[in-house]
Amino acid sequence: MRHIKYIIIFYIFAALHITGEIVTKEDHESRDLKEYQELSGGENRTKYQINARIFPGKRELEGVEIIRWTNRTGIDVNSLRLNLFYNAFGNPKSTFFNETSIFKASKEKLKEYNFGNIEVKKIEIINRNENITGVLTYLSPDDKNADDRTNVDFSLKKPVQPGQTIWIKAEFKLKIPDIFYKTGQSGKYIFMAHWYPRVCVLRSNGEWAGHQLHRMPAFFSEFSDYHVRITIPDNFIVGATGEKISGERLNDKLMVFEFTQDNVQDFAWAAYPNFIEVRDKIRLKGNDFDTDIILLLSHRNRSAKERYLNIVKFALKYFEENLASYPYRTLTVIDPPLQGFNSAGHAYPTILTAAYLKILPASLKYSELAVIHGISRQFWYGVAGSDGFKEPWLDEGIAVFYEMEIMDKYFEKRNLLLNSLYLRIFDWEIKRRAYINLSPLERSKYLSWNIINNKFFVGNMYSKVSLLLRSLKNIIGEEKFMGFLRYYFDKIKFSHHNTVIFKSEFNNFFNGDYAWAFDQFVGTDRDLDTAVYSVRSDRIGKSGKYKNEVVFVRKSGYWPVELSVILKGGKEIKLFWEKNEKWKTVVFIDESPVDFAIVDPGVKILLDINLVNNSKVLKKENSVLRRLAVKFGFYFQNVLASLIL
Amino acid sequence: MNILKIIGRGFNLRSIKLAAYAWFYNMLISLIIYFGFYMVFVISAGKSMIAEKIGMYGLFTALLDIFNNFPGSFTLLVSICFYFGILYIITSVFISAGIFSVMMEEEKATFFTLLSASIDNFFRFLKVFLINVINFALALIPMAFLVFAFWMTLERSLNETLFGIFIVIFFIIAMILLVFSVAIYDYSRIIRLKDGRNFFFSFREGVRFVFKNKKNILLLFLFYFISTGVLYIIFKLFMSVAEDFLGMIFVFILYQVFVLIRYFLKIIIINGEFELIRVPYSEIQ
């Protein structure tokens, strides 16, 4: 009876699931790719003109911005939605801090922390002469947290009609927090991200996609044009999104730097008196301009110059050949000093923060990894936009896939995250480790504000997705697979894409249905385990022949997979197990008994959570294990020799 | 006395024989451990070809999957390491009892002389070792305190200069404490052999002697650290060839040579310590 109950529940859920799929697909298909592109780009892109003056001594910034914004939907807009992300650092009850376990755990931390915030002193629609400063409502659409002030709605006296443009002028003041995560000031090092009032994305149905700022890295914003003037004490060296078009002395103490960049989703900048500026350039295929590589190195890390330049150039060249040429004129790499290390390892349009620690052994390639990841995100967040709050895999997951590819190619045979005498670890191995240790998670928890912790986020969005893509690449073939990504990227660049578009384009390109892959492994807690269950060989009387039987099992998930049975003497029987069934028994008669059987002999499917059970020998043959034990013995012998005499 | 002369006196066949004695025990225990590891791997993944298939990338994934899917295997490996580590420490006391005694008596360094000296002096040396556990623990306290103080400082303000200074200070203090605690242990054993009195006496005199001869002892150990460092670099260069099975055998042999030379260098240091104590110890008497 109990089983019947479960079967009924299963069918109800299955039915609901299928219905849900149909509705979702229809809904998304109506917003086709063309519409996304029209909404995202074009001449009526949002333009930001920001004039900011920073006071590092007081840890304050005063700014005035003028935003040109056009309603590109066919629906009247009655309110204006802005992100004030800096407020995430202004209140211990903000969603950001709620999601930050270290602050939850330690009240002492909060006492010591210098909070920051953003205050919009005045905001008006200047081409309507409409002051909207007081008519604001804080909204928390993601988690309903009344203490969160990162998402604000301003009521408009009259709607902005389709095609109509408004000019918004906002005067704002920032209190700059300690760098706990991404942004803030630490000593004289400043990194400014999420620092200005920014208009949220307006969806084609007239709804604002206004998210709050969350602990897990996620972005969703419009492609816009930026022109930013930064006034700062003259001892600071400044790096920012886009091209520096001027740097002029305002008086004997202040400098004004001007930056401009079109068609990006954000503007971030860094300043530090002890930066060492290193410049190089690279000309990429199809670009009629050189891309300037600007390294702003913390003065103690000048020795890392070549390491950075080499990997930046290599990664850009890799993308040029395997995806697209980097489309901007500058790429700035910020090497934060130790006190600003909490800002390390993040990417913003045309600027990224690296992570170099002098004390780490050269065998650990984390610096390279952080740069590669940051450059990957220049493409899969910077150029191919998506709602990272809802579908972070499209940003981080694909970026990590490229990161693994580049790490492999850059270090060739020594392509390791850690390449030391005693231990060698590949980048993909670390990603796989994060994935195979994941615990079950409900579907709703895959939204970036619902995800339980960093481990789940990284495991699901970075690791699992990147391994899925690598596994698909391995079975489809590198050339074809990368060909698809090139085609797809070209189609969706400078626009917002989503899972439905990705899947549909994937299926169209390969002329097949890969729903089994994406539906199983993206945004679900499904994992994969295919195994050799048993191997048996029985001699048939005195015939000298053997009845061989090999049983394969799908313990979890489904993936069409190659199977191989090797007989004594080396004869190989290859099979392809495509049918979605749990068990497969292979029985045959041969003159030789089975030596071993193996699932996925090429180790192509890295999503498999248990590679131990992927093969089975008939009789124990342990030469490799012996070597493994010898190697371990080595390590221990060395420890013993050091212990004492 | 010229420290270089003292070091030079240790370079002889006898020192190699003594080092070989120490290496022999090291090898013996390592072999047992090797079989322990082997059995763990065979029990958990004996029928799988994971190491063969994944081994080409390195061993991380193979080990990860073995440990992940056979949860007891990692604990078992750690237990083997832990218990055999303790066994080795005790064995080390046994070996050193023989080596120190033969060096003291200037006897012929044959296996049986060493073995018999080890048996004769084992319990005396074990007591000296136990009292020196305090010595090692005391050496760890300032290190722990330093790390804690620094951690607290860094928590308040993460400063690159401070971090650099800490690393240098920590390294210097760690090396000095290491040298003195090991030297105290060595001299406790030497004095225990020279003087029939109890292990408390030998420990106390060991401490006194070490602090009276700080400079020479530091120089002796400086030689040891530099030569071990050079040895490690050479070894590392050779290790890069360990890709195939023959390479593994080559590296295995090379590794034994490496361990042997490390013991040889330590014997030279002990010999130097004997040389240093000869004159001053008569003054203690």
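I looked up A:Asn129 and found it in the loop between strand E4 (117–125) and strand E5 (130–131) of chain A. I keep in mind that this is a predicted model. I read a positive phi of about 55 degrees for A:Asn129, although this residue is not a glycine. Is A:Asn129 buried or exposed? I count 7 C-beta neighbours inside 10 Å. The cut-off for exposed is 12 or fewer, so A:Asn129 counts as exposed.

Next I turned to A:Arg59. I place A:Arg59 in the loop between strand E1 (46–55) and strand E2 (60–70) of chain A. A:Arg59 is not a glycine, yet I note a positive phi of about 55 degrees for it. How many C-beta neighbours does A:Arg59 have inside 10 Å? I get 17.

Then I checked the domains of chain A. The assignment gives me domain 1 as 44–272 and domain 2 as 529–620. For the centres of domain 1 of chain A and domain 2 of chain A, taken over C-alpha atoms, I note a separation of 58 Å.

Last, I looked up the confidence scores. For the model I note ipTM 0.78 and pTM 0.82.

Technical notes
Residues numbered from 1 in each chain as written. Chains lettered and ligands numbered in written order. Predicted model: local features only at pLDDT ≥ 70, side-chain atom pairs only at ≥ 80, totals over all residues. Domains from an automatic or database assignment. Helix = DSSP H or I, 4+ residues; strand = E, 2+ residues; numbered from the N terminus. Buried ≥ 20, exposed ≤ 12 C-beta atoms within 10 Å, placed from the backbone.
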